[in-house]
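Here's a walk through a two-chain model, written for someone with the structure open in a viewer. Have a look first, then read on.

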Amino acid sequence: MNSFFERRYVIAGIFITIIIILLSRLFYIQIIDDRYALYANNNVRRQVIQYPARGPILDRNGKILVQNEPFYDIMVIPKQVKPFDTAEFCKLLGIDKAGFDKRWIKAIKYSPSLASVFEKQIPAENYASLQERLSEFTGFYSSTRYLRAYPDSVAAQFLGFIGEVTDRDIKRSGEYYRPGDYIGVSGVEKSYETVLRGQRGVQNLMVDSRNKPKGHYANGLYDTAAVAGQRLTSSLDINIQKLGEKLMQNKVGSIVAIEPSTGEILCYVSSPTYDPNLLVGRQRGNNAANLYQNPYDPFLIRPIQARYPPGSSFKPLSALIALQEGVITPSTTYYCPGYYWAGNRKIPCNNLEAHGLVNLSIAVAKSCNGYFSMVFQKILDRDGAKQTEATFTNWRANVNKFGLGTKLGLDMSGEGRGNVPTPLHYDNIYKQGRWRSSTIISLAIGQGELLATPLQMANLECTIANRGYYYKPHLIKAIGTQNIIRKEYTERNYVGIDSQYFEPVINGMQAVVEDGTAIRSRIPGIVMCGKTGTAQNPHGDSHSVFVAFAPRDNPKIAIAVVVENSGEGAHWAAPIASFIVEKYLKGSISTRESGITPEYFMNANKLPDISKYKGKLSPADSLKKLKQDSLLLKQKGLKSASKKSKKDTTTSFLATHTIRKKDE
Amino acid sequence: MNNQRSFFFNVDWVTVFIYLALCIIGWFNIHAAVYDERHPSIIDFETNYGKQFMFMIVALVVGIVILLLESRLITALAPTFYGVSVFLLMLVLVIGRNVGGNQAWISLGGGFRLQPSEFAKFATCLLLARYLSGPSVKVTEFRSFLIAAAIIGFPMVLILLQPDMGSTLVFYSLIFVLYREGLSPYTLIVSALFIALFLASILYNHFYVIAVISTIALLIIILFRKNRRLVVTMLTGLAICIAFIFSVKFIYNHVLQPHQKVRIDIVLGITSDLRGKGYNVNQSKIAIGSGKFWGKGYLHGTQTKYSFVPAQSTDFIFCTIGEEWGFAGSMVVLGLYLFLVLRIIFIAERQRSPFTRIYGYGVASVIFFHVAINIATAIGLAPVIGIPLPFISYGGSSLLSFTIFLFVLLKLDSNRMGIV
């Protein structure tokens with residue numbers, strides 16, 4: 001009855017075979033092939049970088065110079081993106097279709113499977129509406145970043161700015177940075193980058209198929225927390241910094257003030273300046289291009305990058321070296337007929353004014369060119385004319401000890417050396433042995449090839465204020481909560497002049513303010529010792545220079561002020577310096593006998609003539625060059641462009657500052 | 001109540017045990033697949049796992065009711081069931097609800113809906129068994145074969161109109177029943193040959209395929225050239241094969257729908273659109289493959305929990321098993337199914353009544369076809385045709401129809417000593 005009975009085995013055999021085929025395949029994909037476990041992991045694991053808040057920077061009294069505000073970057077992982085309404089998305093982000101395509105191509109070029117920044121720096125107020133809808137666009141998510149915010153908009157060149165890393169930065173950091181990261185580009189932001197940046201954290205999140213976060217991978221076992229950057233306490237005093245920036249409005253120049261007893265920089269003005277908030281946010285590129293087009297170059301850090309002939313402010317140094325070398329004494333006198341003959345060269349005093357019989361202090365007070373030319377020749381000619389080169393080398397070494405012609409090692413990059421000419425320099429011009437003290441006599445009055453940065457000038461005043469030594473000038477007092485002061489900042493740098501020689505020079509400097517060239521800048525109740533300078537230069541009017549320290553005993557502040565192309569030191573630099581000194585020492589500015597007011601200086605416009613300022617370029621040429629430069633800026637980023645401009649300015653200074661002229 | 005005692009005494013408890021095990025495995029995996037943190041309880045009727053629990057209770061009640069029925073009633077009602085099924089299959093084409101491209105559902109109200117094709121499988125098996133067990137019917141005879149083929153083919157055509165390709169193909173598995181009852185073994189071989197030719201001519205240039213089979217046929221003809229009949233058969237067969245190969249291109253390009261073509265292409269590795277058409281299968285493979293040997297643990301499957309695989313509680317439920325229970329769990333499930341179908345064959349063969357035997361083979365074939373195709377789909381060995389995994393996939397129609405299917409066999413088996 002039950003025919004074909006044996007066929008049950010065939011059917012059972014087929015069933016068993018198929019099950020074995022399925023089991024083999026399962027064995028293969030579950031046990032042998034490891035790819036699927038990896039894919040599953042990639043599906044759900046999303047590494048989210050936690051950007052630490054960058055360290056804030058405070059002034060010496062704890063007032064905030066720069067802090068952070070949250071902004072939102074829209075990130076994209078192109079591989080995870082599913083078809084979506086592009087028009088709607090563009091509308092939410094406020095971009096157009098072309099902009100979308102550009103960003104999209106850029107993201108794919110970077111990596112189809114890794115996250116990259118799609119749209120940068122969306123302010124908190126715009127982000128709120130975007131956040132609700134963002135989950136509809138698979139593959140896009142947001143990442144919080146902190147951007148710099150400057151509540152008082154001060155100290156732009158001091159603080160510097162941050163910018164996106166370049167490929168070179170990434171390579172140099174050993175791949176620490178990733179594209180789209182920010183790095184300090186200039187100023188303190190650059191020199192203290194490693195301290196300020198903090199430490200990135202990583203969150204390993206689990207996401208579902210719609211890319212919604214569902215918690216931490218392995219309960220956060222592999223997560224690391226972001227460590228915020230450390231707080232920097234700078235040595236700057238925000239009150240005098242603000243005052244200094246206001247006083248320097250519509251002027252080109254610089255103010256550097258240092259506390260002589262520590263080397264801490266109190267005031268660091270570079271003018272023209274700019275609102276540092278302009279270099280933050282999405283308008284950064286446009287703002288930077290505009291700033292770069294400013295012919296007075298706001299990006300130049302004038303306190304350390306501009307070089308000026310010190311002019312008469314150099315005279316106290318000249319006197320100190322002569323005293324130490326023993327070629328004069330404080331009571332050495334000279335009769336000034338209004339000019340000085342150095343060989344066949346006539347060095348006139350200011351307006352050919354005859355000072356009569358002057359000793360050292362009076363010579364300083366009256367800024368007698370003749371006296372210091374005499375002193376200079378005495379030093380260089382003491383071993384006979386043939387030994388000029390040797391004595392000059394010695395003189396030069398003494399000048400170097402004050403920090404002129406060398407870098408002071410400030411904790412900010414881009415510091416210039418200034419210039420103290422070498423014997424070789426004169427050999428090249430006049431041939432070896434063919435130059436004499438009379439040939440280079442303009443060095444005696446701080447002109448000629450002599451160039452100093454405002455920082456070097458202020459440091460020179462610190463040395464005089466301290467009667468023979470200085471502390472390395474620095475910008476940062478403390479890192480984090482600890483006062484980590486580098487050892488080098490506590491060491492005295494002696495300049496090789498005995499302290500006894502300072503008093504006669506200081507007497508003269510006091511007289512400069514009490515009844516000399518800077519009498520209009522006298523501060524009621526404070527003994528300020530200073531020296532005016534009127535530095536001749538080929539860009540037009542002389543630079544107005546004033547250096548000072550105060551009070552005379554136990555000095556609290558040393559200062560150097562340069563106002564470019566504005567005329568005599570006594571007219572511009574000295575009053576500005578006196579306001580800063582008074583504000584720092586007394587907290588407010590009192591009425592002056594001379595009737596000068598800070599408001600007058602704040603409102604005065606002493607911007608140099610552009611055509612003269614930019615040197616040899618004709619207006620049309622310079623416009624063309626600016627256009628090229630701003631293009632370059634857009635291509636290569638702010639950093640390289642600003643460096644380039646610095647070089648231009650300094651070379652033009654070098655080329656044109658060899659003209660020697662008389663001083664006051 | 002002598003009768004009463006004999007049913008439960010004769011019920012095949014091994015099968016019932018496997019049945020319950022599979023249902024419970026299904027329930028837990030549905031819980032994992034659609035797990036919702038707001039409804040963590042496995043018997044929350046807001047959720048699919050809660051509903052599945054309800055379906056299980058209903059199915060079990062229906063199963064017990066079936067065991068209490070008279071066997072003779074089932075046999076007698078076979079044509080009626082078949083008629084009702086065919087009516088419902090026609091009805092669904094008119095008033096059916098379209099879900100996922102197939103007009104396969106009739107709304108019953110209250111969120112429940114019926115899939116007539118599920119019940120058609122049962123009714124067809126029943127009528128086929130009734131017909132083939134007739135005293136003068138022999139499958140080996142052409143007329144009987146035609147009638148049997150018509151019984152199977154009629155619902156197939158109606159389902160194809162929905163168009164539900166998966167359920168249509170399920171009926172083809174009844175070829176095993178016909179084979180068991182005497183159909184020539186060549187039908188199985190020819191079926192296999194045609195499937196192979198179909199795939200080969202999609203994968204390769206069909207002239208190469210023709211060249212290869214012609215060479216093989218010529219070799220056989222040269223070797224057995226003395227056997228005239230064989231030579232003629234071979235030549236005829238070759239002609240048919242060549243005609244088939246040419247028709248494949250036509251069927252493939254004009255009869256199949258684009259999504260079906262893509263699904264075939266994906267299995268054959270012709271295209272790999274991992275984010276579009278190939279997304280399901282790729283994610284399913286990732287889910288199963290990432291389970292490794294022991295799996296990620298209950299409710300710990302990331303592919304499952306974060307809904308990377310679509311249709312995960314229904315047609316792709318095996319992903320959850322593969323991911324959370326690993327190769328070990330997959331072996332247990334496949335082992336249970338294999339054990340179940342072998343047990344059903346064993347039950348079928350111990351019958352004195354041909355009706356129960358034929359019906360039993362029908363049950364085994366349909367269940368096995370579902371299991372094999374469903375799992376092969378999940379691991380990328382078969383194109384996606386969308387048929388559920390028996391007893392495990394979420395869905396009331398599916399669970400209920402398989403329960404009826406199986407329990408009718410158990411009822412008939414419990415009565416095996418009697419005469420039907």
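In what order do the three strands of the open sheet in chain A run? The order is E1-E8-E9, with antiparallel pairing. (Strands here are DSSP runs of E with at least two residues, helices are H or I runs of at least four, and both are numbered from the N terminus; two strands pair if DSSP finds at least two bridges between them.)

Some housekeeping: this is a predicted model, so local features need pLDDT of at least 70 and side-chain atom pairs count only at pLDDT 80 or more, while totals for chains, interfaces and linings use all residues. Residues are numbered from 1 along each chain as its sequence is written, and chains are lettered from A and ligands numbered from 1 in the order in which they are written.

Strand E8 (201-207) of chain A pairs with E9(A) over two bridges, in the antiparallel sense. A:Val207 has A:Pro213, in E9(A), as its bridge partner.

Now the cores. A nonpolar core is a set of buried Ala, Val, Leu, Ile, Met, Phe, Trp, Tyr and Cys residues joined through C-beta atoms within 7 Å. Buried means 20 or more other C-beta atoms within 10 Å of a residue's own, exposed means 12 or fewer, and partly exposed is in between, with C-beta atoms placed from the backbone. The largest core has 142 residues, and A:Ala257, A:Ile559 and A:Ile580 touch the most other members. Helix H20 (573-586) of chain A supplies the largest share, eight residues. At least three residues come from each of domain 1 (47-234) and domain 2 (304-611) of chain A, with bounds from an automatic or database domain assignment. Leaving aside neighbours within four places in sequence, the contacts of A:Ile580 include A:Ile240, A:Leu243, A:Ala257 and A:Ile559; contact means C-beta atoms, placed from the backbone, within 7 Å.

What about chain B? It has 17 helices and three strands, and buried residues make up 45% of its 420 residues. Where the chains touch, the contact takes 36 residues from chain B and 30 residues from chain A. On the chain B side, H15(B) gives the most, with 11 residues. That side divides into 21 nonpolar, 10 polar and five charged residues (Ala, Val, Leu, Ile, Met, Phe, Trp, Tyr, Cys and Pro count as nonpolar, Asp, Glu, Lys and Arg as charged, the others, Gly among them, as polar).

Most residues other than glycine have a negative phi, and most peptide bonds are trans.

| Cis peptide bond | Omega |
|---|---|
| A:Ala550 to A:Pro551 | near -15° |
| B:Gln162 to B:Pro163 | near -5° |

A:Pro551 is in the loop between strands E21 (543-550) and E22 (557-563) of chain A, while B:Pro163 is in the loop between helices H6 (142-160) and H7 (165-172) of chain B.

A:Glu175, not a glycine, has a positive phi of about 65°; with 8 C-beta neighbours inside 10 Å, A:Glu175 counts as exposed. A:Asp297 has a positive phi of about 50°, but counts as buried because 22 C-beta neighbours lie inside 10 Å.

Definitions and conventions
Contact = placed C-beta atoms within 7 Å.
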